[in-house]
Structures are given as C-alpha cells and as structure tokens.
Amino acid sequence: MKMSYKHSILGGATLAMAFAFSAAAADPDHGLYFNAEAGANWASDVTIGGAGSGTAEMDIGFRAGAAVGYNVNKYIGVEFDTGWVWNKFKNVDGSLSQIPLIVNGVFRYPLSQKWETYAGGGVGGSYSILDLNGAVDDSDGDFVFAWQVLAGFRYKIKENMSIGLGYKYLGTTRGNYDVGGVNVSISDVHNHTFGAVFNLKF
C-alpha cells in the first residue's frame with residue numbers, strides 16, 4: 001500500500017510537471033526575453049554651473065543598449081534596461097556619456113499575427129560621465145536619478161524573434177563633477193532616441 005501511495009504521488013507530480021512544461025512551450029509570449037537597440041540620440045541644451053558657467057548645446061549623438069526582461073503574459077512584461085548614451089558638446093570641447101540603469105514596465109498589443117506595438121516606462125538611475133578635452137583635460141562621473149518613457153512597433157520574423165523601430169525618452173537630474181580640480185554641474189538632461197530594436201524570446 002505504501003509503495004502504491006508513493007507511486008501515485010510521484011506519478012501525479014510527474015504529470016503536473018509535464019502539463020506545466022507543455023503549457024509554457026505552448027505560450028511563446030510567456031517567459032524570458034532579450035532586447036537590443038541602436039539609434040541616434042538628441043540631447044537637450046544643458047546649463048553648466050561652476051567655472052565657465054553658461055548654456056551648452058549638444059550635437060546629435062547615439063544610444064546603444066540592451067535589456068533583459070520577463071513576459072508575465074501576452075501583454076505585460078518587466079525588464080532591466082541599460083546601455084550607453086553619448087553626445088558631444090557643440091560649443092565646449094568635451095562630451096557627456098550616460099549609462100542608464102532602468103527598470104521598465106512594458107505593455108504590448110498585437111496588431112496582427114506579425115505586427116505588434118508596445119509602450120512603457122520606468123525609473124532608476126544613470127551613471128553620467130563628463131569628459132572635457134580643452135584647457136581642462138579631465139573626466140568625472142556622477143550617479144543621478146533617471147526616468148524613461150518608450151514606445152514603438154515590431155515585426156515578427158520568427159515565432160520568438162522580431163525587429164522594429166522604437167523611441168525612448170530618457171530624463172536625468174542634475175549631476176556634479178570634479179574636473180581639473182573644479183566642481184562643475186550639469187543641469188537635467190532630456191534625451192530623445194529613435195532607432196532600430198531587436199527582440200528575442202527564450
């Protein structure tokens with residue numbers, strides 16, 4: 001009787017696991033995924049405080065990034081997003097780099113069997129690096145608060161793979177930097193990125 005009872009429990013557990021794996025395999029929109037992106041970045045004018053204070057304009061730069069996320073269901077996902085955002089100053093010999101570390105919530109909506117649109121947003125931080133190359137040749141970094149909004153659309157090229165176009169807005173708060181022994185502050189930075197996106201579901 002004991003052996004039969006144990007076998008029944010083992011058989012039931014095995015059957016439950018089989019159903020669970022079968023359900024997961026039948027639902028490609030549930031589980032882990034990976035995103036990659038690359039595009040042009042437009043950064044707002046910034047106010048520089050400290051030595052040589054004034055307003056600085058930014059040239060068009062770029063953003064490259066990656067994210068790892070989890071699809072809770074067909075419509076909702078949560079992800080950790082990072083990358084590198086870089087822009088050069090127009091009237092200052094230097095550049096500003098930003099490394100965002102953001103947790104996003106993402107909502108997806110299928111438009112057809114092949115097309116889907118998505119939108120979301122999140123909060124976190126950004127490690128910002130001020131790099132000066134003129135009379136002062138030095139760099140320094142500061143970790144600042146950051147927030148993000150994203151949207152776009154994707155085309156499914158395989159059941160677990162898609163490509164598309166996306167937009168991201170990244171905002172950061174004021175950063176303080178010690179360059180050449182002088183304290184320099186950079187006001188809030190507002191970034192707008194348009195680029196290509198790639199998604200792979202596991």
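Predicted model: local features only at pLDDT ≥ 70, side-chain atom pairs only at ≥ 80, totals over all residues.
View 1. Strand E7 covers residues 115-133 and strand E8 residues 137-158, and the two pair in the antiparallel sense over 19 bridges. Between them lie the 3 residues of a hairpin. Strands here are DSSP runs of type E with at least two residues, helices are H or I runs of at least four, and both are numbered from the N terminus; two strands pair if DSSP finds at least two bridges between them. As a reminder, strands of a sheet pair through backbone hydrogen bonds, either parallel or antiparallel.

**View 2. From E8 on to E9.** Strand E9 (residues 161-172) and E8 pair in the antiparallel sense over 12 bridges. One place to look is Val149, which stands opposite Tyr169 in E9. The hairpin that joins E8 to E9 runs through 2 residues.

**View 3. The barrel.** Follow the order E1-E4-E5-E6-E7-E8-E9-E12 and you will see 8 strands close into a barrel with antiparallel pairing. From one strand to the next, the twist averages 25°, taken between axes that are lines fitted to C-alpha atoms, with angles from 0 to 180 degrees between N-to-C directions.

**View 4. The largest cavity.** How much space lies in the largest cavity? About 260 Å³. Its lining has 27 residues, of which Asn35, Tyr118, Arg154, Lys168 and Val197 lie nearest the centre. Elements that give two or more residues to this lining are E1 (31-43), E4 (61-71), E5 (76-88), E6 (94-110), E8, E9 and E12 (189-201). For your own grid work: a cavity is a set of points on a 1 Å grid over the protein atoms alone where a 1.4 Å probe fits but cannot get out, and lining residues have an atom within 4 Å of a point. Points are joined across faces, edges and corners, and the volume is the space filled by probe spheres set on them.

**Notes for all views.** Residues are numbered from 1 along each chain as its sequence is written, and side-chain values use heavy atoms, leaving out hydrogens and water. Local features need pLDDT of at least 70 and side-chain atom pairs count only at pLDDT 80 or more, while totals for chains, interfaces and linings use all residues.

Note on methods
1 Å grid on protein atoms, 1.4 Å probe; cavity = no way out; pocket = protein on both sides within 12 Å on 5 of 7 lines; lining within 4 Å.
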